[in-house]
Amino acid sequence: MALQAASLVSSAFAVPKEVKSNASFKDSSLFGVSLSDHLKANFNSSALRSKRESNQRVGGVRAQTMATASPAVNTATPEAKKTLRKGSVVVTGASSGLGLATAKALAETGKWHVIMACRDLLKAERAAKSAGIAKENYTVMHLDLASLDSVRQFVDNFRRSERPLDVLVCNAAVYLPTAKEPTFTAEGFELSVGTNHLGHFLLSRLLLDDLKKFDYPSKRLIIVGSITGNTNTLAGNVPPKANLGDLRGLAGGLNGLNSSSMIDGGEFDGAKAYKDSKVCNMLTMQEFHRRFHEETGITFASLYPGCIATTGLFREHIPLFRLLFPPFQKYVTKGFVSEHEAGKRLAQVVSDPSLTKSGIYWSWNKDSASFENQLSQEASDADKARKVWEISEKLVGLA
Ligand code: LMG
Ligand code: NDP
Ligand code: PMR
């Protein structure tokens, strides 16, 4: 145990080569923060702030709250359309936590119509109401990421609604830290990786065509990542650590029958499966960037929004954990962030004109300034990203 803790501490405190020269000890190792990146991010955001006003579009889209409501594309001339209509953003898992806070933050600007893509329509509708999101600024549509049929159905429904797609936010996730045995999606994939990665993988692959179609000034595809999938941080070194290994379990379909339910082929571990799924999310974002950024101009991004220790993500954890985790993050690690603050951060990645750079994993400092963070070695391994992409294509029926 002592040995384990010691190795945990030493690897967590190792300073990444790239930031050695100008990052402080605390910046680079504890929270994965590089001071130089922080300064760069600050500079960029103030330099580009003046562009913001001219880039923001207001107006045109009709209010609706039903998935089946009539088309809402602005019928003005292409030029007018470019300058007049609201942005249209799909947020998965917008019925609670980060997704809901992001939907609220975007809706409140009056410049976005949020499509809340949720598995529980009633819960989503209630959540939107109690968060005070104005009716004309959101639409709830059904999406269960644990079923690939549901993902395809969502894409069909979305297309039939004839709404534009300007930004897609892959936010939904499940975390099953106390599960002793694996559970599975409709197609038989282990639930955490099946939902968090494979469901989103299919969704974003299908909706890429839709993103390409519309002429919004800044189109983005965002996949929420996390610090706990990054082993170059202290948080990422709390066992069990993320590790995709040689992907043998993923290649076998994660079905727990003729293959392991874990990506690396090991024994089922719910906390590890979640962290592995976040590594897949971050790898997928970079593979999208490599394959499609130049051709499409779409911005591909991931982020760590901070430790939002109060969300529903921890609903399956033991009550003692849920009680102690928020004060631990607030007062010990100081990594805590409120749902409101985290929602503003993700909303920034959706709409801030200073965050158009593609292929970036965004994080924030304590004063909530965004910076380009460094991913762990595994989460930035281009060869692994390609392999995860190719295997995932087969699993979801795209190849
Ligand atoms: C597994 O447990 C779970 O079994 C699994 O279900 C899943 O949740 C998984 O990764 C997720 O974790 C991991 C287990 C192993 O961790 C624990 O059991 C820790 C329980 C504590 C939970 C946190 C909330 C409660 C905190 C109590 C608040 C009191 C404050 C005490 C502060 C103590 C700080 C350490 O974890 C380990 O093996 C841990 C190994 C030993 C930990 C040593 C950590 C060394 C780090 C150095 C200290 C740095 C302190 C923080 C930085 C402060 C900087 C200002
Ligand atoms: P929540 O549990 O509050 O929100 C997760 C959302 O995902 C819920 O709306 C949930 O729906 C939805 N969801 C779960 N399964 C499915 C499914 N099969 N189909 C459709 N939607 C589904 O957690 P958070 O807000 O904390 O998590 C949001 C994102 O933030 C996740 O990607 C998580 O990994 C990430 N994150 C969170 C951190 C934190 O500290 N909380 C830190 C870093 C990253 P329902 O309401 O119906 O349950
Ligand atoms: Mg972690 C140093 C800072 C830090 C940060 C920013 C997080 C974030 N955590 C940190 C440190 C620690 N955590 C330490 C030192 C411990 C051992 C006491 C610790 C423990 C811990 C547990 C048991 N932490 C956790 C858990 C969870 O169950 C959460 C998890 O891993 O879910 C996959 C979690 C988290 N810690 C975080 C964040 C953001 C989480 C939520 C998980 C996520 O969404 O990635």
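A polar contact is a pair of N or O atoms within 3.5 Å. In this predicted model, the side chain of Thr 311 places an N or O atom 2.6 Å from an oxygen atom of ligand 2, so the pair falls within that cut-off. The side chain of Lys 123 also takes part, with an N or O atom 2.7 Å from an oxygen atom of ligand 2. The backbone contributes through Ile 308, of which a polar atom lies 2.8 Å from an oxygen atom of the ligand. On its own, ligand 2 has 900 Å² of accessible area, and the protein covers 98% of it.

## The shell around ligand 2

There are 31 residues around ligand 2, and those that come nearest are Ser 95, Lys 123, Asn 171, Tyr 274 and Thr 311.

By residue class, the shell comprises 15 nonpolar, 11 polar and five charged residues. Two helices, α5 (97-108) and α10 (270-296), each supply at least two residues of this shell.

## The shell around ligand 1

Ligand 1 is surrounded by 13 residues, of which Tyr 175, Pro 177, Pro 239, Lys 275 and His 317 are the closest. His 317 has a polar side-chain atom 2.7 Å from an oxygen atom of ligand 1.

The shell around ligand 1 divides into 11 nonpolar residues, one polar and one charged. Helices α10 and α11 (319-333) each supply at least two of its residues. The largest share, three residues, comes from α11. Helix α10 therefore supplies residues to the shells of both ligand 1 and ligand 2, each helix being a DSSP run numbered from the N terminus.

## Cysteines

A disulfide is a covalent bond between the sulfur atoms of two cysteines. The count for this model is zero disulfides. For Cys 170, the closest cysteine sulfur is that of Cys 118, at 13 Å, which is too far for a bond because the cut-off is 2.5 Å.

Cys 170 counts as buried because its relative accessibility is 2%. Cys 307 likewise counts as buried, at 10% relative accessibility; both values lie under the 20% limit.

Definitions and conventions: Residues numbered from 1 in each chain as written. Chains lettered and ligands numbered in written order. Predicted model: local features only at pLDDT ≥ 70, side-chain atom pairs only at ≥ 80, totals over all residues. Heavy atoms only, no water. Buried < 20%, exposed > 50% of the residue type's maximum accessible area, 1.4 Å probe, protein only. Near = heavy atom within 4 Å. Polar contact = N/O pair within 3.5 Å; in protein donor to acceptor, adjacent residues only side chain to side chain. Areas by Shrake-Rupley, 256 points an atom, 1.4 Å probe, with all protein chains shown as cover. Helix = DSSP H or I, 4+ residues; strand = E, 2+ residues; numbered from the N terminus. Nonpolar A, V, L, I, M, F, W, Y, C, P; charged D, E, K, R; others polar.
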